[in-house]
Amino acid sequence: VSVSTYDDIAEWYRENYGVEPVSEDPFFPAVQALVGDLAGQRVCDLACGEGRVSRHLAAHGARVVGVDLSGSPLAMAAERERSEPRGVAYLRGDAQGLAAVRDAVFDGVVCNMSLMDIAELTPTVRAVARVLRPAGWFVFSILHPCYHTRPSGQITTADGTTFRTVSEYFTEGFWRSDERPGPPGRVGAYHRTLATYVNTLTDAGLTVERLSEPRLTSGPRVRLAVWSEVPAVLIARCRRTGVPPAG
Ligand SMILES: C[S@@+](CC[C@H](N)C(=O)[O-])C[C@H]1O[C@@H](n2cnc3c(N)ncnc32)[C@H](O)[C@@H]1O
C-alpha cells in the first residue's frame with residue numbers, strides 16, 4: 001500500500017483549502033451542477049480528505065461513504081461526524097482498487113480535486129466503474145491538465161495583461177515544484193494529458209458525458225486573476241456504460 005503524504009499536511013490543507021462549507025469553494029458550484037439531484041442516492045466520496053464534500057452530499061440527501069487512504073484527514077472527518085452527525089460512513093482504503101467495497105453498490109461516485117493526487121489512474125477508474133451500478137455516474141474535478149504542469153506559472157506584461165505559461169505538457173508522471181504554493185508544492189501531483197484521462201476512462205467503461213471549465217471572476221477566495229482567462233480546474237461527469245475490465 002502506498003502512503004499518502006496528505007497525512008503530513010492534513011492540518012495545513014484543512015486551513016488553506018478545506019473551505020467549510022465546501023459550497024463556498026469557488027470551484028465547487030460547478031461540481032455541484034454536474035452532480036445534480038442527490039436525494040436518496042448512494043454516493044461514494046472518493047479520496048474524501050477531511051470530509052467537506054461528504055458532508056455536503058449528505059446534507060443534500062445522499063447516503064454517503066467517504067473513502068481516503070490517509071489516516072489524519074480521515075480522523076478529522078470522523079471527529080466532525082461525531083460532533084455534528086450527517087450520517088456519513090468513513091472508510092480507510094486505497095482508491096486504486098477499493099478492495100473493501102463490493103461491486104455495483106453506488107449510484108454515483110464523486111472525486112473532488114484528487115485524481116491528480118492518486119498515483120495510478122487505470123486501477124482507480126476501473127475501481128470506480130466496478131463499484132458503480134450499471135449506468136451509475138462519476139463526477140470528478142482535477143487541476144486542469146492543460147494549465148498545470150511542473151514548470152507552469154504566469155507572467156504579467158508591462159501593460160498589465162496576465163498570461164498562463166505552460167510547458168512539459170507531454171511529460172506524464174509525478175511532479176513537485178517549490179514555486180507552487182498549493183498541494184503541488186507540498187505533496188506534488190501526478191500529471192496526465194487530457195487524452196490519457198479521457199481514453200483511460202473510456203477503456204474502463206466510463207463515458208464522458210459533460211465537461212465543465214469554470215471561469216473565475218475576482219473574489220475573496222480567488223487566488224490568481226489569470227483564472228478568469230484560462231481554466232484552473234476541469235470537471236467531468238461520466239456514466240458507466242460498459243463492463244469494467246477485471247483488475
Ligand atoms: C487535495 S485532497 C482532496 C480532499 C477532498 N476530496 C476535498 O475536496 O477536500 C486529495 C486527497 O486524496 C487522498 N489520496 C491520495 N491518494 C489516495 C489513494 N490512493 N486512495 C485514496 N485517497 C487518496 C489524499 O489522502 C487526500 O486526502
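**Close-up 1. Arg52 and Ser70 at the ligand.** In this predicted model, an N or O atom in the side chain of Arg52 lies 2.6 Å from an oxygen atom of the ligand. For Ser70, a side-chain N or O atom is likewise 2.6 Å from a ligand oxygen atom. Tyr13 places a polar side-chain atom 3.2 Å from an oxygen atom of the ligand. The ligand alone exposes 600 Å², of which the protein buries 97% (accessible areas by the Shrake-Rupley method with a 1.4 Å probe; for residues, only the protein chains shown count as cover). The ligand is surrounded by 21 residues, and the closest are Ala47, Arg52, Asp68, Ser70 and Asn112 (a residue is near a molecule if one of its heavy atoms lies within 4 Å of it). This shell comprises nine nonpolar, seven polar and five charged residues (Ala, Val, Leu, Ile, Met, Phe, Trp, Tyr, Cys and Pro count as nonpolar, Asp, Glu, Lys and Arg as charged, and the others, Gly among them, as polar).

Residues are numbered from 1 along each chain as its sequence is written, and side-chain values use heavy atoms, with hydrogens and water left out. Local features need pLDDT of at least 70 and side-chain atom pairs count only at pLDDT 80 or more, whereas totals for chains, interfaces and linings use all residues.

**Close-up 2. The largest nonpolar core.** This core has 61 residues, and Leu46, Leu57, Val109, Leu115, Phe138, Phe140 and Leu206 have the most contacts inside it (a nonpolar core is a set of buried Ala, Val, Leu, Ile, Met, Phe, Trp, Tyr and Cys residues joined through side-chain atoms within 4.5 Å). Strand E5 (residues 132-143) gives the most to this core, with seven residues (helices, H or I, of at least four residues and strands, E, of at least two are DSSP runs, numbered from the N terminus). Beyond four places in sequence, the contacts of Phe138 include Val109, Leu115, Leu201, Leu206 and Cys238 (contact means heavy atoms within 4.5 Å).

**Close-up 3. Pro184 in helix H6.** Helix H6 (residues 183-186) contains Pro184. Pro184 counts as buried because its relative accessibility is 5% (buried means under 20% relative accessible area, exposed over 50%, partly exposed in between; 1.4 Å probe, protein chains only). Neighbours within four places in sequence aside, Pro184 is in contact with Leu143, Trp175, Arg176 and Ser177.

Close-up 4. Thr193 sits in the loop between strand E9 (189-191) and helix H7 (194-203). At 11% relative accessibility, Thr193 counts as buried. Residues up to four places away in sequence not counted, Thr193 touches Tyr169, Phe170 and Glu172.

How values were computed: Polar contact = N/O pair within 3.5 Å; in protein donor to acceptor, adjacent residues only side chain to side chain.
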